[in-house]
Amino acid sequence: MRLAYFSSGRLAAIVAMFVASAGPAFADASPDLRGRLYDWSDGVLVVAHRACHAPAPSRGMTARLPENSLAALDRCVALGVDMVEIDIRRTADGALVLMHDPTVDRTTDGRGRVSEMSLRQIKALRLKSPGGSRDGGTAEAPPTLEAFLARARGRILINLDVKEPIAEQVAQVVLASGAGGQVLVKARPEAGAAPMADLPPYSGLAFMPMVGAVKGRAVRDPAGITAVQVLAENRVPAIELCDLRRSEFEAVRAAARMAQVRLWSNALARKGLKGFLARARAGGATADGRRIWTQLVGDGVSVIQTNRPAALLDYLDARGLRGRAPPIINAAL
């Protein structure tokens, strides 16, 4: 399908007109699960990157868990994390499974490309905890998307990072599972493209545009992209910020705030924003720590994706940021 295009000059002035009437496109969601995501004024949300695999010593959870696992999902629920982010790939026989890398080498006790393995072969593998040791507590195989959705249903929001051009199949599986009201999908719109949230395969789900550089290459007019995408009738709850320069970020933030849409950023190495999050500071522990979180919250970001969800929850609780809108400290609009 070829997308329709809009002229950029008419965008910002009409955004607010659509916000009041726009809303979620489906009604099967629990208000408790979805309400905060769509309420841009309701505090900072925590997203666990590849689920809650890191230890949470402040909560008495000291073991490492495999990423993208059911065990890590259960930990997210126990911690009270708002959303879990997972990665989706397709096997040779068409099954959808959770796996970040194109191969199973790093995260399991096997070797090979996911796209060249059958579901039976994937199920024969066992996940390893971060650092390389097998998770002896669960002996868990990489889960299918269906199994993960069934385990998560009614418990937590889910962000799908679809690693291959399989979005249509992913949407079909999500909707068939009955968990559509818990799932947030995302993709990168082109400059001038019509709102992707209203187009298949995203129109039946919550959709988040990703705005900013692609593999280090800047995109044209990220603020204009934002202004168009928030016009969707299938209301957009957030904009994911991807490697934006400071001036670009401020323009995107203005468009998002006019539409009362959240800003989402990764607090991960070489992710999120640049300029004020210098790449020289973006490696190691500082990429997922208090200094970065303070900067993001101060700039009006209200959804933070992290490898350390328990530590981020502790930080937000201590600052009283888990139930009210954070002020923009670092710049005025």
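Start by selecting glycine 80: just after helix 3, this residue takes a positive phi of about 85 degrees. You're looking at a predicted model, where local features need pLDDT of at least 70, side-chain atom pairs count only at pLDDT 80 or more, and totals for chains, interfaces and linings use all residues. Residues are numbered from 1 along each chain as its sequence is written, and side-chain values use heavy atoms, with hydrogens and water left out.

Now step back to helix 3 itself, residues 70–79. (Helices are DSSP runs of H or I with at least four residues, strands are E runs of at least two, and both are numbered from the N terminus.) Seven of its 10 residues are buried, meaning under 20% relative accessible area with a 1.4 Å probe, protein chains only. Color Leu70, Leu73 and Leu79, which are among them. Then show what covers them: the cover of the helix's buried residues includes strand 1 (45–49), strand 2, helix 5 (145–152) and helix 10 (309–319).

Next, pick phenylalanine 148 in helix 5. Its relative accessible area is 0%, so it counts as buried. Its contacts (heavy atoms within 4.5 Å) include Leu70, Leu73 and Val84, leaving aside residues up to four places away in sequence. Serine 69 is 79 residues away along the chain, yet the two C-alpha atoms are 8.1 Å apart.

Last stop: aspartate 87, in strand 2 (residues 83–90). Is it buried or exposed? Aspartate 87 is buried, because its relative accessibility is 0%. Look for the 3.1 Å polar contact between its side chain and that of asparagine 68; such a contact is a pair of N or O atoms within 3.5 Å, where, within protein, one must be able to donate a hydrogen and the other to accept it, and residues adjacent in sequence count only if both atoms are side-chain atoms.

Notes: Buried means under 20% relative accessible area, exposed over 50%, partly exposed in between (1.4 Å probe, protein chains only).
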